[in-house]
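Reader: I'm new to this one and would like to know what the words used for it rest on. Could you show it to me, and then let me ask?

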Amino acid sequence: MSEHRIPSLKLLMGFEAAARHGSFSRAADELHVTQSAISHQVQQLEDQVMQPLFRRAGRGVELTVAGEVLLRSVQRTLTVLRSGLGRIATYLDPGLVVLVCPAPLLHGWLQPRLRELQAQLPELCLLLSVDESARFVDEIDVDIAIGNRPLLQPGLQEIPLFQDEWVLVANTDLARKLAKVPQTQHHLHADLTCLEESLTSDVTAPLFLGPLARFRKRAIYDDARLLIEAVLEGGCIACLPRLLVDASLARGQLQILSEYPRLPGSTWWLSGMEKQARSEIVLQVFNWLRAQSTELHS
């Protein structure tokens, strides 16, 4: 058989069923065809591979050596194929909504609120992506996008979701300790950890040259989520986006150090189709997200 000529799936499935059952008649029952159809399919397959695949064994059939080799390959292939079809089926779920959201915002603000959303929309199957390169809302790959700028794509409804801010935070124990001493002595009781981007940002850099200049820098991170973990472990303070630490603040794990200035952060935008969404549930998720903005500002 030429290496480029692959037998049809119909022939391979007939062969696999006959091999598994050891019977052409039971294979025919499973596949809802006649026994002669299975026999004909096996004959065609044997002609293609130029090898006998079965031999008679009493009232049934059993595999030859060539048949056993082929069966292992066919069963592996069918398993992969069925798995792939199962994954595709997820995208046909009528409750599917694809939402693109930056990882820090998803981690700190959206993720803790998803249980509430699922309670309101039990049929929802939310596909969350942090791939910000997939921000084009086309209702095929992306239904809704959250980003730090409007997409300026024709046909979209785009609204400012909320204005973030940079805040100084510490874990609860350290915050209580610092509250008992003057701000001018904070650097004697805590170190500083920070994001690499905040050291050079026009907005936050003056903070490190002013009120935070006397602190020893313990570590500099390029991943805000790792920075949060460091702050939670204690012994240091950090300047972080308010929405990123929202869940930790709500759980009482972190506290904002009110003695330090709050600085303006990113404006987060919500984008979705301006006209009728492809399904009612997409519109419901969009409106729920917009309502979260109202609650945050209230």
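Author: Let's start with a distance: the C-alpha centres of domain 2 and domain 3 lie 29 Å apart. This is a predicted model, where local features need pLDDT of at least 70 and side-chain atom pairs count only at pLDDT 80 or more, while totals for chains, interfaces and linings use all residues. Residues are numbered from 1 along each chain as its sequence is written, and side-chain values use heavy atoms, with hydrogens and water left out.

Reader: Where do domain 2 and domain 3 run in the chain?

Author: Domain 2 takes in 96-162 + 267-293, and domain 3 covers 164-265. Those bounds come from an automatic or database domain assignment.

Reader: How many residues of domain 2 are in contact with domain 3?

Author: Contact means heavy atoms within 4.5 Å. By that rule, 11 residues of domain 2 touch seven residues of domain 3.

Reader: What area do domain 2 and domain 3 bury between them?

Author: About 780 Å², with 61% of it on carbon and sulfur atoms. Buried area is the accessible area (1.4 Å probe) that two parts lose on being put together, summed over both. On the domain 2 side, Pro104, His107 and Gly108 lose the most, together 42% of what that side buries.

Reader: Which helix gives the most to the side of domain 2 that touches domain 3?

Author: Helix 5 does, with six residues. Helices (H or I, at least four residues) are DSSP runs, numbered from the N terminus. Helix 5 spans 103-110, so its run meets the at least four residues asked for.

Note on methods
Helix = DSSP H or I, 4+ residues; strand = E, 2+ residues; numbered from the N terminus.
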